[in-house]
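Work through the exercises below with the sequence and the model side by side, and try each task before you read its solution.

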Amino acid sequence: METVRIQVNGVSHETEVDTARLLVDYLRDRLGLTGTRQACETSRCGACAVLMNGVAVRACTLFAVQAEGTSVETIEGLESAGPHPVRSALRDAGIQPCDDCLAGRLVLVEALLRRKKRPTRGEVERALEGNRCVCGTGPSVVDAVLRVTRAP
């Protein structure tokens, strides 16, 4: 067991954790933040994406102790004031992606949008390459990002 201090969605947590506990499990089981998913158990799907110090990482490939002293943002933190603009754009277009891929996609999009306010289609597609879409709405997410970033 080791004590870790992590700021998650703006709230500081100091917790003893098993050194082999994955960050995704810590977020889900210890903090109840179930929007971060572990859908594939191979680190290929991207459903476990979170922002760590503003950089998108896969929470299923990191141990919770590796997050010591960092700031982590989950989908719950990104949507604490309401739905992410891309989620709203999808809903407005009548598109409902599955929960398995959307949270991770929104985290990856957020990381991109923090670096570049008006990304190109290619930049959005590259940002989402690490997130496997199982529901077939991947192209719709790219279109929604472009609509949101081009809105007046």
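A salt bridge is a side-chain nitrogen of Lys or Arg within 4 Å of a carboxyl oxygen of Asp or Glu. The model is a predicted one, in which local features need pLDDT of at least 70 and side-chain atom pairs count only at pLDDT 80 or more, while totals for chains, interfaces and linings use all residues. Residues are numbered from 1 along each chain as its sequence is written, and side-chain values use heavy atoms, with hydrogens and water left out.

**Exercise 1. Find the partner of R121, and state which helices the pair links.**

Step 1: The side chain of R121 meets that of D143 in a salt bridge, with 2.8 Å from N to O.
Step 2: R121 lies in helix α5 (residues 121-127) and D143 in helix α6, so that the pair links parts of the chain 22 residues apart; helices (H or I, at least four residues) and strands (E, at least two) are DSSP runs, numbered from the N terminus.
Step 3: R121 counts as partly exposed because its relative accessibility is 39%, where buried means under 20% relative accessible area, exposed over 50% and partly exposed in between, with a 1.4 Å probe and protein chains only.
Step 4: D143 is also partly exposed, because its value is 30%.

**Exercise 2. Describe how E68 and R5 are joined.**

Step 1: These two residues form a salt bridge whose closest N and O atoms are 3.3 Å apart.
Step 2: E68 belongs to the loop between β4 and β5 (71-73), whereas R5 is in strand β1, 63 residues away.
Step 3: A search of the whole structure finds seven salt bridges, and a network of them links E73, E110 and R114.

**Exercise 3. Is R105 buried or exposed, and which side chain of opposite charge is nearest?**

Step 1: R105, found in helix α4, is buried yet has no salt bridge.
Step 2: The nearest side chain of opposite charge is that of E125, 9.5 Å away; Lys and Arg count as positive and Asp and Glu as negative, while His and the chain ends are not counted.
Step 3: Leaving aside neighbours within four places in sequence, R105 is in contact (heavy atoms within 4.5 Å) with L128, N131, C133, G138 and V141.
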